[in-house]
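Thanks for making the time this morning.

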Amino acid sequence: MDQSSDPRNRPVNSVWRPSRVALSAFFLILPGFFAYHFLLAKSLIPPWLGGYSSAMALIWLLPLSALFLQQVVLRPTRRCTMDAAFMAFLGYYLVVLLLNMGISQRGAAAADQIGVLPQFFTLYVLGRLVPPGDHGLHRALIVSLLAMSLAIVTNADEGTFFAASFELLATADYFANYQAYGFIYTVCLLYVLCATPQPAHRAWIYAFALPTLFLNGARTELIGVVALSVTVEFMLSRRKWLMFVMAASLVAIAIAALPILADFYPESRTIFLFLDYSDDLSKIERTRMLEDGWNSIQQSPWLGALGSHRPGEHIHNALSAWVDLGLIGFAAYSMLIACPVIDLLVLRRLHLRDASYRLAFSFIFLVALFAITAKHFTHQLLPLALGAYARVVVSTRPSWRTAPIPSAA
């Protein structure tokens, strides 16, 4: 018997094809967000779905729940500890929100966060059930990525994507900000990169994607993707010294080009960050929020103090989970990130050439980086990362590789 025909020797991504339900939800929830808000900012459509994310999560909650039940919960060989751990975290989060809504004076703050739960669940299911190696998905995401790049590049004013600045308007609470656009673009970019095995092809993708992220104005996403790209390419490279020299050269060129770019884009937040970080307004505000949040932690370390900060203000790192969820919630959130990081770096490094592994590694890398430096614990990359990681855990089991291919629902 030819070994290539043995199901155990097939690439992981060919064993479990995503269903039409999962693919439809993926495109409507992720690239659809970008399309909706871009058209909204261009005044081409009315705000039918408000901020879009919560409404779309609720629309897809039942179909994705049924799909998750069918393809994961009811099939023991497709379940893993992460599934239970993530659902337990959502359950704990729900209890905290309900208690604050029922017996504390912070019910309004809890009500503002209740929409995070369906978004987290639907994104986890998508990360769990939509692999990067599906050819149809890969082609469609390349088209989506090019379309988003074209929209950003052709609608940038003085180095900033115009649609991302609408959120600053006092009367426009349903507009997306540059961070939301950056999140969607980054997710689609990583799905494409992880399913692109040829280094030359990835180089072309970097060539248009990194300038696009720069013009979008999401500094954290840009820095994170650059750091991730250098790390992954270094790990994949057989001539690591050459990769190191190339990376160092590109960094030197970028630093030398900053004064020139500052003349072209005087209003760019990204350039100002590197030229004079000490006077960066965002940095100053985040430092103050960190101090306020730490005071809240000291006053209520065990149970937390959800909503103790002023509206729109919060710690921009993992300590935000301690403020809102207490010590137990912070510990659970930290473990959800730390365990996959250790597992992927230590136990599963041999799977580096697999697209699903690279996607999980890329997501977890950014989640860990953002949790340390910049993002609230409700950042939507977390459920996608944990879902992608759970998929890798299951896909590396011998029993999984012999499982039959499910029908496309």
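Leaving aside its neighbours within four places in sequence, which residues is L189 in contact with? Before I answer, please keep in mind that this is a predicted model. With those neighbours set aside, the contacts of L189 are L145, I205, A209, L213 and V225.

As general background, nonpolar side chains in soluble globular proteins tend to be buried together.

Let me turn to R202, which is placed in helix α10, residues 199–216. R202 counts as buried because its relative accessibility is 5%, where the cut-off for buried is under 20%. The side chain of R202 reaches the backbone oxygen of P197 at 2.9 Å. If we again leave aside neighbours within four places in sequence, R202 is in contact with L193, T196, P197, E233 and L236.

Finally, the surface. F234, W241, L242, F244, V245 and M246 make a nonpolar surface patch of about 630 Å², and helix α12, residues 240–264, gives the most to that patch, with five residues. F234 itself lies in helix α11, residues 219–236, and because its relative accessibility is 35%, F234 counts as partly exposed.

Notes:
Residues numbered from 1 in each chain as written. Predicted model: local features only at pLDDT ≥ 70, side-chain atom pairs only at ≥ 80, totals over all residues. Heavy atoms only, no water. Patch = residues over 30% accessible without salt bridge, like charges linked within 9 Å, V, L, I, M, F, W, Y side chains within 5 Å. Areas by Shrake-Rupley, 256 points an atom, 1.4 Å probe, with all protein chains shown as cover. Salt bridge = Lys/Arg side-chain N within 4 Å of Asp/Glu carboxyl O. Helix = DSSP H or I, 4+ residues; strand = E, 2+ residues; numbered from the N terminus. Buried < 20%, exposed > 50% of the residue type's maximum accessible area, 1.4 Å probe, protein only. Polar contact = N/O pair within 3.5 Å; in protein donor to acceptor, adjacent residues only side chain to side chain. Contact = heavy atoms within 4.5 Å.
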